[in-house]
Amino acid sequence: MLVGKIHMVFCADSLEEVIEPLNKGPYPSISLFLSFGNFKDIASPIEKKYYKGQHFHYPVELMLKLTVIKFYREIPFRKLKESLTQEDLECLFTCEELKTGVKIPSGKTVHHFLYYRLGKEGVIDLMQLLGKEIVHYLNKPDFTSEQKNLIVDSTPLEASRYSDANFNSHYKIFMSKAHIVSFCGYPLYMRYSNGNDNDAPFGRELIRHISERKPEAKYFLADGG
């Protein structure tokens with residue numbers, strides 16, 4: 001019965017069937033949400049750049065999804081494999097794959113993929129590709145023009161007692177800043193800065209960056225302090 005419901009989502013014409021519940025609850029599982037996205041377009045450039053024709057034991061698309069699940073659930077790599085439910089497996093693999101048997105990478109393998117195969121540069125590339133894919137879906141007609149707002153804002157990040165962050169007289173705390181650009185309410189890209197840096201240069205940089213993705217949206221520059 002569960003597989004039938006998942007199959008209906010795959011065949012759905014409207015992205016809102018998956019996206020809209022995220023705003024209202026109860027929330028769909030992260031694996032169900034990932035099953036809707038086109039991760040092949042994200043995995044392909046990762047394969048070309050970071051494998052360079054080498055054989056990969058596990059599909060890159062699967063490794064990417066497991067990485068997202070690990071961080072979304074905030075669990076250690078060593079507990080990733082045992083955390084996967086039957087619903088997760090039905091979202092990550094086809095019915096035929098489940099019938100014939102599937103091999104699931106260990107948490108150690110996923111850790112190696114993220115920190116050694118991709119590394120810092122690869123993670124940045126991955127985030128760029130994910131942002132591009134999200135914009136692509138949010139540009140679909142399922143979202144009305146009223147929903148398609150692009151907002152650039154900043155938020156204070158209070159520093160720990162051991163940090164060398166500067167004191168901000170407005171917030172009266174030691175802090176840094178996170179400058180974030182959101183599309184349809186979904187945060188896509190972020191830049192860090194010193195707690196007393198002017199927001200404008202970072203806002204312009206984020207707008208230039210996301211403009212390359214061609215979002216069909218109005219722009220708003222929020223007052224982030």
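Leaving aside neighbours within four places in sequence, which residues is leucine 66 in contact with? In this predicted model, the partners of leucine 66 are Leu80, Leu84, Leu92, Pro105 and Val110.

Leu66 is also part of the largest nonpolar core, a set of 29 residues. Leu66 is listed among those with the most contacts inside that core, together with Val60, Leu64, Ile69, Phe113 and Leu118. Two or more residues of the core come from each of helix H3 (30-36), helix H4 (40-50), helix H5 (60-73), helix H7 (86-92) and H9. In soluble globular proteins, nonpolar side chains tend to be buried together.

Threonine 67 also lies in helix H5. Threonine 67 has a relative accessibility of 6% and therefore counts as buried, the cut-off being under 20%. Apart from neighbours within four places in sequence, threonine 67 is in contact with Val110, Phe113 and Leu114.

Helix H9 covers residues 107-138 and is not straight. With 32 residues, a straight helix would reach 46 Å at 1.5 Å a residue, but the end C-alpha atoms of H9 are only 32 Å apart. H9 contains a kink of about 100 degrees, and this kink is centred on leucine 118. Leu118 is also one of the residues with the most contacts inside the largest nonpolar core.

The strands can be followed from strand S3 (residues 173-183). Eight of its 11 residues are buried, so S3 is largely enclosed by the rest of the structure. Strand S1 (residues 149-158) runs antiparallel to S3 and is joined to it by nine bridges. In this pairing, serine 154 stands opposite histidine 179 of S3.

Strand S2 (residues 166-168) is also antiparallel to S3, with three bridges between them. Phenylalanine 167 has phenylalanine 174 in S3 as its bridge partner. S2 and S3 make a hairpin with four residues between the strands, and lysine 172 in the turn has a positive phi of about 60 degrees.

Strand S4 (residues 186-194) pairs with S3 through eight bridges, again in an antiparallel arrangement. Here isoleucine 180 is opposite methionine 190 in S4. S3 and S4 form a hairpin with two residues between them, and in the turn cysteine 184 has a positive phi of about 55 degrees.

Conventions:
Residues are numbered from 1 along each chain as its sequence is written. This is a predicted model: local features need pLDDT of at least 70, side-chain atom pairs count only at pLDDT 80 or more; totals for chains, interfaces and linings use all residues. Side-chain values use heavy atoms; hydrogens and water are left out. The expected span of a helix is 1.5 Å times one less than its number of residues. The bend at a residue is the angle between axes fitted to the seven residues ending there and the seven starting there. A nonpolar core is a set of buried Ala, Val, Leu, Ile, Met, Phe, Trp, Tyr and Cys residues joined through side-chain atoms within 4.5 Å. Buried means under 20% relative accessible area, exposed over 50%, partly exposed in between (1.4 Å probe, protein chains only). Contact means heavy atoms within 4.5 Å. Two strands pair if DSSP finds at least two bridges between them.
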